[in-house]
Amino acid sequence: MKHIAILALKQVNIGSLENARQAFLEANECLKSRGEPSLFKVEVVGNDSPVQTCGGLYNIDVDRLIDETVKADLIIIPPIRGDLTDGVQQNIAFVPWIRNQYNAGAQVASLCLGAFILAATGLLDNKLCVTHWKASEEFRKLYTKVKLVDDRVLTDEAGIYTGGGAFSSANLVVYLIEKYAGRDVAIYCSKVFQVDWGRRSQSPFVIFTGQKSHADEEVKQAQVLIEKRYRDRLSVNEIIENIGIGRRTFERRFKKETGNTVMEYIQRVKVEAAKRELEKGYKTVNEVMFEVGYLDNKAFRSVFRKYSGMSPSDYRMKYFNEAV
């Protein structure tokens, strides 16, 4: 029997907590239907009880307090809501407990913004991690030792797992069920909960808005220029002429503040503009390509796939067809 401890955090997203709980319980039902014993003992674990969430709308009565939990096999850290820095501080009592459980042999998985709690333990240092794309900039500033990746749905490294934003975390839960209970049980659960089996990228869902929560005014000036002139074939030298600083200094500062090289930033702005046009569905792929400043079809499709995880035509079909 595997002991699954799902944390009832303060400011917890109750929907994600309950979805994970129900998934492991459904895996037990699948096993029982085949005449096999249940595999998972699922408990909601908290630092106190009851735990208020959603502004006091809900109270969670936990199954066990953390100081009563002798050993967990897998700890699930659901996402928190609201101010993330404050959320970490409100749940700081879990940090040493998670670390101690991991050192005693437990595996640990964070769902979506639960990565902020996991990263606070130090267990993610020098490891890959995913979280919700909307919080990626804040995460990078808080946890500089963690290798945040934007495009993956999940990561798996040394018994530490992280799941992508929002409902993408369901893919991690199914992945964990597969690791513990086998592929056939995981496929069954993916069908019951209608999770897109085997999806490994969350790139199609990322909306690139640029990283501007920094104090470097010259870099911000360059970002605004790039975003205003996304239709042009803007070069790095032309940007530098408008900014008035040396190229090496500018490129170093730009990368430091945005997490992207200048060329990557230009590409991402162009791809985001192309995605908006393709979602409308009124223009062909070539028309959109020319509109965002590309002349080479192969280059455009390659860059678009790099940042969206699919071809321009597939993206257009996916989002335009769903809207009509």
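Me: Before I start, what sort of model is this, and how are residues numbered?
Reply: It's a predicted model, where local features need pLDDT of at least 70, side-chain atom pairs count only at pLDDT 80 or more, and totals for chains, interfaces and linings use all residues. Side-chain values use heavy atoms, leaving out hydrogens and water, and residues are numbered from 1 along each chain as its sequence is written.

Me: Okay, is Asn 91 buried or exposed?
Reply: Asn 91 sits in the loop between α2 and α3 (94–103); helices (H or I, at least four residues) and strands (E, at least two) are DSSP runs, numbered from the N terminus. Buried means under 20% relative accessible area, exposed over 50%, and partly exposed in between (1.4 Å probe, protein chains only). Asn 91 has a relative accessible area of 1%, so the word for Asn 91 is buried.

Me: Which residues does Pro 78 contact, leaving aside neighbours within four places in sequence?
Reply: Pro 78 is in the loop between β6 (74–77) and α2 (84–90), and it counts as buried because its relative accessibility is 0%. Contact means heavy atoms within 4.5 Å. With those neighbours left aside, the contacts of Pro 78 are Ile 6, Leu 7, Leu 9, Val 12, Leu 17, Leu 111 and Gly 114.

Me: Which residue of β11 is the bridge partner of Asp 156?
Reply: Two strands pair if DSSP finds at least two bridges between them. β11 (residues 160–163) is joined to β7 (residues 107–111) by 4 bridges, running parallel, while β10 (residues 154–157) pairs with β11 in the antiparallel sense over 4 bridges. For Asp 156, the partner in β11 is Tyr 161.

Me: Last one: what is omega near for the peptide bond from Ser 49 to Pro 50?
Reply: Pro 50 is found in the loop between β2 (40–46) and β3 (51–53). Most peptide bonds are trans. The bond from Ser 49 to Pro 50 is cis, with omega near -5°.
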